[in-house]
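Trainee: I would like to understand how the words used for a structure follow from the values behind them. Could we go through some of them slowly?

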Amino acid sequence: MTTAERDEAEQEPEREPERDGPGRRAAPDARRLTSVERRIDAAAHRLLAGAPVDGPRAALVEFLVFGAKQAWACVFGAALLAVIVAARLWYPDDAALARNDALTLAAIAIQVVMLATRLESGRELWVIVLFHLTGTVMELFKTDVGSWSYDGDGVLRIGGVPLFSGFMYAAVGSYMVRVYRLFDLRFTRYPKRWLTAIAAAAIYVNFFSHHFVVDLRWLLLAVVVLLWWPTMMHYRVWRRVHRMPLLLAFGLVALFIWLAENIATWGGAWLYPDQLDGWQPVSPSKLVSWFLLMIISVVLVTFVYRPREPDAGSA
């Protein structure tokens, strides 16, 4: 039996989530959680069973659970970022193993642990691997044209790109698939998936083609806004189902990635041309690039978790 088949076999039968009032859904769809996450979710339900339903304390519980779930969704990226910062602060310059090679081995170890401990399912791994590959291809091109660069040490590399770079894209993919099921995401007025696939493909091509022909990023940004403008995202935190415009969620995630990029470049994972003579914050213009790149990962995830409408009682 394959890893993906084992993950499917572990899932509980589909059932209608329990409710405790309008706009609330008391339990997530268990089919979306890994075996470890189902145990954590059950323990959290027991711990918070006596929490108030309304009032300031209820709002505080919702906020704390939201933060805990976001942290859990970021576990791959946070672990990789911690390794990058630790290598910057403490990795010896004269070590026998090059720093970039050590980062690559650490990234592989993180991914293995994620799978071995059932923090990621085999089905989700395919999306993460695909995002890893698409990111590595772009890295090879971008470093060749001088958009950014890496230190030249290490043997675990392809051309001027150390292999750990692909794991940074995989971290974004990991976050996207994990946040989708941890918050039991549902959508109203989600665009046709074939339209979103065309938009994602055009965005990816433009990352290459704008070096030779006209840059279409602003046109593509307008297309993204046009496609997802009507879409509302519904997400369960604890007892309540909240909602926000999906474009706002895209923007917040892009901002979060940009902040992480500032930490990663400070840690020396890679450098932009204006950082070669000394580190400085990454240009805010990169927010647009991350926003568009994130659309690619969003579209990939929808082919693992098909966008679903919210339940009638929570819409």
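**From values to words**

Mentor: Let us begin with charged pairs: a search of the whole of this predicted model finds three salt bridges.

Trainee: Why is the pair Asp151 and Arg99 called a salt bridge?

Mentor: The closest N and O atoms of Asp151 and Arg99 are 3.8 Å apart, and the cut-off asks for a side-chain nitrogen of Lys or Arg within 4 Å of a carboxyl oxygen of Asp or Glu, so the pair qualifies. The two residues belong to distant parts of the chain, 52 residues apart, with Asp151 in the loop between helix H6 (122-144) and strand E1 (157-158) and Arg99 in helix H5 (residues 99-116).

Trainee: What makes Asp151 partly exposed, and what makes Arg99 buried?

Mentor: Asp151 has a relative accessible area of 41%, and since buried means under 20% and exposed means over 50%, this value lies in between and therefore counts as partly exposed. Arg99 has 14% relative accessibility, which is under 20%, so Arg99 counts as buried.

Trainee: How do you know that Asp184 and Arg186 form a salt bridge, and why is Asp184 called buried?

Mentor: Their side chains meet at 3.4 Å, N to O, which is again within 4 Å, so the name applies. Asp184 has a relative accessible area of 0%, and because this is under 20% the residue is buried; Arg186 is buried as well. Asp184 lies in the loop between H7 and strand E3 (186-188), and its phi is near 45°, a positive value in a residue other than glycine.

Trainee: What makes Arg217 and Asp215 a salt bridge, and why is Asp215 called partly exposed?

Mentor: The side chains of Arg217 and Asp215 meet at 2.7 Å, N to O, and this distance is within 4 Å, so the pair meets the cut-off. Asp215 has a relative accessible area of 32%, which lies between 20% and 50%, and therefore it is partly exposed.

Trainee: Which residue touches both Asp215 and Arg217, and why is that residue called buried?

Mentor: His210 touches Lys142, Asp215 and Arg217, not counting residues up to four places away in sequence. His210 lies in the loop between helix H8 (193-209) and helix H9 (217-228), and its relative accessible area of 19% is under 20%, so it counts as buried.

Trainee: What makes Ser174 a buried residue, and which residues does Ser174 touch?

Mentor: Ser174, in helix H7 (residues 164-182), has 0% relative accessibility, which is under 20%, so it counts as buried. Leaving out residues up to four places away in sequence, Ser174 touches Ala73, Phe76, Met114, Glu120 and Ile128. Met114 is also one of the buried residues of H5, and what covers the buried residues of H5 includes helix H4 (75-90), H6, E1, strand E2 (161-162) and H7.

Trainee: How do you know that the span of H5 is close to the expected one?

Mentor: H5 has 18 residues and reaches 25 Å from its first C-alpha to its last, which is close to the 26 Å expected at 1.5 Å a residue. Just after H5, Arg118 takes a positive phi of about 65°.

Trainee: Why do strands E4 and E5 count as paired?

Mentor: Five bridges join strand E4 (residues 232-236) to strand E5 (residues 241-245), and since pairing asks for at least two bridges, the two strands pair. They run antiparallel, a hairpin joins them through four residues, and Tyr235 stands opposite His242 in E5.

Technical notes
Residues numbered from 1 in each chain as written. Predicted model: local features only at pLDDT ≥ 70, side-chain atom pairs only at ≥ 80, totals over all residues. Heavy atoms only, no water. Buried < 20%, exposed > 50% of the residue type's maximum accessible area, 1.4 Å probe, protein only. Contact = heavy atoms within 4.5 Å. Expected span 1.5 Å × (residues − 1).
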